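Here are my notes for you on this protein. Keep the structure open while you read them.

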Amino acid sequence: MIKKYNYSNYPSLSGRIPSRRFLACGLAVSCAIALGAPALSQAATPTNSLIPANSILDKAIANTKISAMVGLLNFSYLNHAHTGQDTHSLALGGHLYVHSPQLAGFSLGVGGDFATWTGFYQHEDPELTGPYPSHGIAIVRQAYLQYHYGPFVIRGGRQFINTPYANWDYYTYNPRAFTGVSAVVDIIGHPKVGQWSGNSPMALGGSPATLSFMAARMYSYASRYSATFTTGNRYTSAHTNGFYVLGARYQTPFLGNHVDLQAWYYDFYGFANMFYGQAGISHPLTKNVSLFGNFQVVSEGNSGAGTSYLIALNADSVDAQVYGGRIGVKFGSNHDDNVALVASYSPVNYNSFRHGGMIHPYNDLSGTSYTTTMQTGISDFGPGYAYGIASNFGFLANKLKLNASFIRYLVRYGFGGSVYSYGGDYGFPTGTAIPDQHLWSMDVGLSYDLSSILKGLYVADYTDISMAQNQAGYPHYQNPYFSNRFYFKYRF
């Protein structure tokens, strides 16, 4: 089962990659980058130096954005829902991303990620370091040319993008990357200063502009488990024509409220086309408290372009809808804390893929759906519904962050939580489905900023427990499904 921790609900999704400017001069450049500390400035250069000052080089170095991370990650799975063997993965890894200064609006971005096996466990899971016998992943995931002028930016090459159903899914050492072209333009309002001068993914969520558009055409991608780019996707290793996506976001104050609207269209060539819409409103009660509500919808049908790949999934059509909502309260000085009731519903559409199941070739449990947890989501369980409560809290000046959620599912065609097999009729897992199977999932996560000890250092731990209830006369599945992830990272 593909595992995912939901950092936050879209459009925030995963956080932006941190960056830091390194100032250096002459020979001190290499030392500054190695030690993560600023080198001597030009002002400190002796006046009688025989080497003339190079202001252009100094400026270029000062405006180069470099972000790096090294860390230790430990993932543990007690996957008793599908196998009797517990698996673990302990890996050392990190990344280095560099974005050059602009010259006539043009700049370059390049970056790589690596993860290496530690050999600590007897039964290693490939989650972090790729399938045996590689015992490690190292890949250049970013290598792009960017042009940025005012509110318009365009990138071509290897890159990260962050959209609801095609994103970088950043929770291991190796975010999902794509090869193609993407562009964002702010039509109304001002763009965020410096938004595209670093190494963050192309997205609509980071700009304060009133109206923004995004478009992307991607031909290949690198998964979190691979050191190569491929034209396949999470459903097939065969050659595909990739996908394109168009998105728009509109946000504005309205009668004392804040309104946020988004609309996205995807064409996953040969698989499905998809419309995703999201609407939200926030109403302040006091300076530090506000009510909020959100609604989302997914509507998916067959993709008419290219060869149909649904035959390999034992299906010949796609017909899926998902409706979701949440209502809650935000509080705190920055409204970072929140508690919300969440719900999702997906109707049955007979004789289509999983009788109404979704096709999403380029994301996993990314947190797009309000009821998604670390291991479970209506996007994979298919027709049925889910409801529960989700919360986020910050303590000690937001250095300590805590999130917790409890979600209840009713799956019309259940297989004990097993959803990543497509060998049965209509793309269901092989075997006898359990009608109206109940499942529940509980997530608890915490992270602590250790910058008081060393700037950029932090630890985090996330745990998920999922249970699938059984019925008499149907296959029995061992429970629970338990997942734990521990992060120790240093960002500089």
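**Notes on the model**

1. Surface. The protein exposes about 21,200 Å², an area from the Shrake-Rupley method with a 1.4 Å probe; for residues, only the protein chains shown count as cover.

2. Ground rules. This is a predicted model, where local features need pLDDT of at least 70, side-chain atom pairs count only at pLDDT 80 or more, and totals for chains, interfaces and linings use all residues. Residues are numbered from 1 along each chain as its sequence is written, and side-chain values use heavy atoms, with hydrogens and water left out.

3. Overall make-up. The protein has 3 helices and 21 strands. These are DSSP runs, numbered from the N terminus: helices are H or I with at least four residues, strands are E with at least two. Of the 492 residues, 51% count as buried. Buried means under 20% relative accessible area, exposed over 50%, and partly exposed in between (1.4 Å probe, protein chains only).

4. Contacts. Residues 24 or more positions apart account for 66% of them.

5. Strand pairing. Strands pair if DSSP finds at least two bridges between them. Strand S9 (residues 177-188) runs antiparallel to S6 (residues 152-159), joined by 8 bridges. Here Val153 stands opposite Val184 in S9. S9 also runs antiparallel to S10 (residues 211-222), with 11 bridges. There, Phe178 stands opposite Tyr221 in S10.

6. A nonpolar patch. Which residues form it? They are Ile327, Leu341, Ile389, Phe395, Leu396, Leu402, Phe406, Met442, Val444 and Leu446, with about 870 Å² of accessible area together. Two or more residues each come from strands S17 (384-395), S18 (400-414) and S19 (434-449). S19 gives the largest share, 3 residues. Patch residues have over 30% relative accessible area and no salt bridge; nonpolar side chains (Val, Leu, Ile, Met, Phe, Trp, Tyr) are joined within 5 Å, like charges within 9 Å. A salt bridge is a side-chain nitrogen of Lys or Arg within 4 Å of a carboxyl oxygen of Asp or Glu. Leu446 is found in S19. Leu446 counts as partly exposed because its relative accessibility is 40%.

7. Positive phi. Asp169 is not a glycine, yet its phi is positive, about 50 degrees. Asp169 is in the loop between S8 (166-167) and S9. Buried or exposed, Asp169? Buried, because its relative accessibility is 3%. His355 is not a glycine either, and has a positive phi of about 50 degrees. His355 lies in the loop between S16 (337-346) and helix H3 (378-381). At 11% relative accessibility, His355 counts as buried.

How values were computed:
Contact = heavy atoms within 4.5 Å.
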